[in-house]
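Trainee: I have a model open and some questions about it. Can we go through them one by one?

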Amino acid sequence: MNWKYFAIAHRAVYRLSGGRIGARMGKLESVLVETVGRRSGKPRTVPIICYPYRDSVVVSASNSGRETHPNWYLNMRSNPRVKVQRGREHFEAEAEDVPESEREALWREITAVNPHQQQYRACTDREIPLVYLKPVAGNTQ
């Protein structure tokens, strides 16, 4: 399967359905995240599996176990203010790396729900970033 085309179709269906279709992939939840391209300055929207955690959601920059970070993560590092669609809810968020002190406990929770993340982690020597998408107060639509 060509994942690029799957992501394009997923994003389109998610948007067109207003979040009614595409917000779940089996037992996993997904969000649409709009970042600002670090080089182009243009908005870039990608569907990402997410994990509800505390007062936000967490995403894993696993990039399917590749040795490089996904572009959306690099964009977040350049500009941490993002727009998120979680189902029918839209909000602005600040992207913030999960602190080292919380990573292992969170990894256990994530891999209990999504074992693929453990496989991705085993495929790469890089540390896979976990990122909080913390809603910015007063920006929920």
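Trainee: Is cysteine 123 buried or exposed?

Mentor: Buried means under 20% relative accessible area, exposed over 50%, and partly exposed in between (1.4 Å probe, protein chains only). Cysteine 123 has 53% relative accessibility, so cysteine 123 counts as exposed.

Trainee: Before we go on, what are the ground rules?

Mentor: This is a predicted model, where local features need pLDDT of at least 70, side-chain atom pairs count only at pLDDT 80 or more, and totals for chains, interfaces and linings use all residues. Residues are numbered from 1 along each chain as its sequence is written, and side-chain values use heavy atoms, with hydrogens and water left out.

Trainee: Is cysteine 50 buried or exposed?

Mentor: Its relative accessibility is 2%. Cysteine 50 therefore counts as buried.

Trainee: How many disulfides does a search of the whole structure find?

Mentor: A disulfide is a pair of cysteine sulfur atoms within 2.5 Å. The search covers the whole structure, and the number of disulfides found is zero.

Trainee: Which residue in β7 is the bridge partner of valine 59?

Mentor: Helices (H or I, at least four residues) and strands (E, at least two) are DSSP runs, numbered from the N terminus. Two strands pair if DSSP finds at least two bridges between them. Strand β4 (residues 56-60) pairs with strand β7 (residues 130-135) in the antiparallel sense, over four bridges. In β7, the partner of valine 59 is valine 131.
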